[in-house]
Amino acid sequence: MLHHISVGVSEIARSARFYDETLGALGYIRVWEDLRPGELHQAVGYGLEEGNDKFTIKERFSKDLAPGQGFHLAFAAPSQEAVEQWHQLGLANGGESRGAPRVWDEFGPKYFAAYLVDPDGWQLEAVFKLA
C-alpha cells in the first residue's frame, strides 16, 4: 500500500546517526542522501537496496515535528536479537525507551517487539513474529 514515508527531524546529522544505527540493526541501509550543510531540505533515505527508500528523514526547522500518542512507525525486524539490538542502539543514540524488548501478549503470543521515541519525538517500534 505505502510506497514510502517521510518524517521531519530538527537536526539531520543527529537523526541520521540515530537511524543509521537503529535501522542498521534491522538490516536496513542508507540508500541515498542529500546533505548540503546550510541548505533547506536535507534528507536521508533508508531501505533494503540502493536508491529504493521506504523511510526518509528530512530536516525541518520546527518545534513540533512528531504527531501525538496515536501515531507510531513499526519497523519489521529479521530476528528477536535484532529487536534487542535496535532498542539498545536507540538508547545509546539519544532515544528514549517506551517498552523494552519482550513478547507483548496483548498483541499475540508470538509478538516480540520493543518501543522507542527518537530525539524528535517520533514513536517507533521494532517487531519480530516468533515461530
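I looked up Glu-33 and found a salt bridge to Arg-30, with the closest N and O atoms 2.6 Å apart. I count a salt bridge when a side-chain nitrogen of Lys or Arg lies within 4 Å of a carboxyl oxygen of Asp or Glu. The model is predicted, so I note that local features need pLDDT of at least 70 and side-chain atom pairs pLDDT 80 or more, while totals for chains, interfaces and linings use all residues. Residues are numbered from 1 along each chain as its sequence is written, and side-chain values use heavy atoms, without hydrogens and water.

Glu-33 is partly exposed at 45% relative accessibility (buried is under 20%, exposed over 50%, partly exposed in between; 1.4 Å probe, protein chains only).

I then checked Arg-30 for other partners. Its side chain also meets Asp-20 in a salt bridge, 2.6 Å from N to O. Asp-20 sits in helix H1 and Arg-30 in strand S2 (residues 29-34), 10 residues apart. Helices (H or I, at least four residues) and strands (E, at least two) are DSSP runs numbered from the N terminus. Asp-20 is partly exposed at 30%, and Arg-30 is partly exposed at 26%.

Next I took Arg-102. It forms a salt bridge with Glu-106, the closest N and O atoms being 3.8 Å apart. Arg-102 is partly exposed at 37%, whereas Glu-106 is exposed at 53%. My count comes to 7 salt bridges.
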